[in-house]
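Take a look at the model before reading on.

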Amino acid sequence: MADATLQHDAAVGHGLAGAYEAPLFGAYSKKVGMWLFLASDSLTFGALLFAFSYNRISNPAWPTPFAVESITNATIMTACLLSSSLTMVLGVLAARRGDRAWTRNWLLGTMAFGTAFIVLHGLEWTHLIDKGMTPFANPWAPSVPQFGGTFFTLTGMHMLHVTIGVIYLGVIAFRKWFLPVLAAIWIAGYFLIPADNVFHYGIHALGIGLIVSAIILFLKPKVYDAHDVEVSGLYWHFVDLVWMFIFPLVYLMSTKI
Amino acid sequence: MATPATIHAHAPQGFIRKYIFSLDHKVIGMQYFFLALTAVFVGMFLSLLMRIHMVWPAAVLPLVGEIKPETYLSLLTMHGTIMVFFVLTTAPQGGFGNYFLPIQIGAPDMAFPVLNMLSFWTTFVAFVVIIAAFFVTGGAPLHGWTGYPPLSAVQSAGPGEGLGADLWITSIAIFCIASLMGALNFITTTLDLRAKGMSLMRMPLTVWSWFITAILGLLAFGVLLSAGILLLMDRNLGTSFYVPLIVVNGQVLGHKGGSPLLWQHLFWFFGHPEVYIAILPGMGVTSQILSTFSRKPIFGYKAMVYAMLSIGLFGFMVWGHHMFMSGMSPYSAFAFSILTMCIGVPSAIKTFNWLGTMHKGRIRFQTPMLYAIGFVSLFVSGGLSGPFLAQPVLDIQLHDTYFVVGHFHLIMGVAAIFGIFAATYYWFPKMFGRMMNETLGRIHFFITLAGTYAIFMPMHYLGMAGQTRRYSQFTEVAYQAKLIPLQTFITYAAIITISAQLIFVINLFWSMFKGPKASDNPWQSTTLEWTTATPPPHDNFGGVTPVVNHGPYEYAVPGAPRDYVMQTDPVSASAH
């Protein structure tokens with residue numbers, strides 16, 4: 001019945017009266033679906049943020065180790081994400097006016113900013129791990145292992161979301177031509193990242209992403225339209241928004257004074 | 001719109017695409033139904049073992065041998081988890097919701113058919129994973145379905161807390177993802193795929209109940225997913241979210257500074273809405289059946305809708321009433337207590353509306369109606385003990401006693417099961433094209449109703465007398481040993497009631513193949529599923545989209561040619 005659903009969506013998208021009641025929020029199914037996913041995902045992140053706040057309040061000896069390098073780095077990361085939101089908006093606008101070339105360009109820009117965010121964050125993780133910070137220990141406050149635990153859980157979950165976002169945008173913008181690029185980055189990353197680095201194994205997330213994208217593209221080999229770009233934009237903005245909670249809570253409130 | 005030809009061409013022909021990896025919401029609904037049926041027998045078998053062990057601790061049983069105290073804990077954990085997740089969440093929502101929500105709103109399928117298939121198969125994987133916990137070294141976990149740390153968060157805490165507990169949490173996490181996919185699909189379908197004329201206030205109350213249940217699921221399961229991930233990290237990565245500095249088996253573990261209460265907050269933020277996820281679809285089905293078999297419109301349709309919405313809303317604000325014993329501030333306890341008792345208001349509205357629906361109706365006492373009345377009875381009996389437990393002063397006395405066990409089994413367990421039975425007897429003709437046997441249905445109903453009260457009513461007295469739950473034996477403490485005769489009575493009642501479920505199984509499978517053929521509308525009901533063929537064609541309505549002209553429960557309309565007006569009947573069919 002996917003056909004009927006698609007035609008229904010097309011009718012709704014173009015404001016035509018179909019055989020159905022008008023959708024309650026005037027939105028086509030995919031958009032409603034994405035909004036609902038984001039609602040549940042915000043509860044998932046909300047639970048992690050609650051766990052962070054709960055631990056932080058119940059441990060008065062919470063360390064505040066982030067010196068100027070860390071904060072600068074995180075600020076640049078924030079700038080990357082904020083800029084990526086701008087390019088995403090421009091991409092959605094280009095898609096809406098039917099400009100395929102610029103849609104692709106702006107999405108590529110968004111992916112570049114997202115990738116920069118991941119790389120900077122990966123370097124930051126590596127740096128902190130080198131200093132002795134792990135999910136169960138940290139050098140600044142040995143009695144508060146929750147500092148590392150909450151940090152790596154929250155930022156790790158967010159980094160996973162950004163990674164999924166970049167792959168998602170890549171599939172929307174380039175479809176099957178994105179797969180070899182993804183495969184190349186995956187294999188190159190695996191060999192270039194030293195074996196004692198956590199991302200030597202973490203890079204396999206790209207492999208899983210490659211398999212999932214390949215299956216989706218195989219099952220539904222279609223050209224993505226302006227609606228798909230808009231829906232991917234919703235996801236991307238949400239991931240940005242989550243970072244706007246994580247950055248002040250995790251970084252700014254643990255600044256070295 | 002798609003023409004009938006293209007839609008029929010869409011119907012898959014091969015066995016695997018038609019029955020295994022089907023995209024058809026009706027097939028997926030049946031898959032959920034049979035998964036829940038399998039799960040409920042596993043869960044019932046476990047409860048039978050528990051009951052036998054409690055009364056005859058030394059008994060050597062065939063198949064399982066002698067039950068040790070830790071095995072008893074495994075049994076209660078797996079009984080609770082399987083029943084709550086794979087029966088009470090899966091059957092009413094995944095099973096009947098999947099099958100009938102699209103048909104009742106006039107849609108050809110769910111909004112996202114592939115996602116629908118994925119959510120079933122993800123649930124299936126979760127079920128396989130949790131069953132696997134029985135067979136690994138150490139066996140199934142001991143920590144109860146609530147999984148409180150530190151017991152659940154420390155690998156060395158007990159025999160089942162190794163790989164078994166990891167599988168348990170993994171299964172829960174997979175189940176969360178499956179439920180999120182399902183909930184998203186249900187909400188989108190209800191918002192976007194209602195047929196012309198099916199305005200929100202013309203939706204059957206069943207659709208409202210599935211819709212509200214889906215909203216609760218969407219918001220609750222994401223939190224449990226996070227909580228489960230943190231628990232897995234505590235167990236396997238050495239983090240200390242839930243575990244304080246602790247000594248287990250004489251050894252100081254590496255954890256420090258964590259809070260077991262964090263889990264309780266996260267778990268019950270999910271856990272309380274989960275109670276309503278189990279019971280709301282039963283409320284919807286009961287409303288539908290009471291109206292149909294009383295031949296009267298539902299009493300207070302809008303009040304029913306708003307009552308369900310407010311029950312859903314309150315459900316998210318009362319999780320603290322599970323934690324009165326955790327040392328919470330009396331001020332918080334007071335707030336949680338007041339909010340909890342507020343839920344009594346919409347619940348009472350629903351109960352009185354059900355009674356009002358039956359009042360002066362021309363009631364047809366067929367099996368679905370019996371089960372719907374049984375649902376109301378259990379809902380009242382189980383609900384009345386709610387205000388006791390909602391008050392901290394009483395809850396501190398009754399916490400972790402059999403009073404609680406009796407309360408939640410009546411209202412969340414068996415009432416929801418009665419909703420499932422009512423739905424099965426009511427929709428069986430539409431799903432399988434044949435009628436179920438009335439006589440067997442009635443025998444099954446009366447034994448089950450009497451048995452349920454015989455099992456769970458005495459538990460309230462046991463609880464008030466101070467009998468603690470989750471103890472495998474009561475012989476060690478003098479005052480508890482005095483209560484063993486009542487426990488023995490409960491065990492006999494349980495054996496009879498569980499045996500009586502075989503009547504249902506025989507009726508189900510015999511009728512599936514040998515029952516008399518069902519007409520398109522055997523109950524003379526009004527909603528859209530009864531306007532289409534039995535069983536419904538692949539696209540539900542044979543290539544047309546129905547147009548809805550009437551509300552869902554127009555029975556006994558003055559001046560109408562029949563005593564019921566179908567939702568699709570032309571406008572002139574009713575006098576007003």
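This is a predicted model. Start with chain A. Of its 257 residues, 39% count as buried. The secondary structure of chain A comes to 9 helices and 0 strands. Read along the sequence, the pattern is therefore simply α-α-α-α-α-α-α-α-α. The C-alpha atoms of chain A fill a box of roughly 65 × 40 × 30 Å along the principal axes. Now consider the contacts in chain A between residues at least 6 apart in sequence. Of these, 73% join residues at least 24 apart.

Next, turn to where chain A touches chain B. Chain A brings 39 residues to this contact, and chain B brings 45 residues. On the chain A side, α1 (2-13), α2 (29-58) and α5 (146-174) each supply at least two residues. Which of them gives the most? That is α2(A), with 16 residues. By class, the side of chain A that touches chain B has 21 nonpolar, 15 polar and 3 charged residues.

The crossing of α8(B) past α11(B) is left-handed. From α8(B), the contact uses Met283(B), Thr286(B), Leu290(B), Ser291(B) and Ser294(B). From α11(B) come Lys350(B), Trp354(B), Thr357(B) and Met358(B). By class, this contact of α8(B) with α11(B) has 4 nonpolar, 4 polar and 1 charged residues.

Methods
Residues numbered from 1 in each chain as written. Chains lettered and ligands numbered in written order. Predicted model: local features only at pLDDT ≥ 70, side-chain atom pairs only at ≥ 80, totals over all residues. Helix = DSSP H or I, 4+ residues; strand = E, 2+ residues; numbered from the N terminus. Buried ≥ 20, exposed ≤ 12 C-beta atoms within 10 Å, placed from the backbone. Contact = placed C-beta atoms within 7 Å. Nonpolar A, V, L, I, M, F, W, Y, C, P; charged D, E, K, R; others polar. Left-handed = near helix turned anticlockwise from the far one by under 90°.
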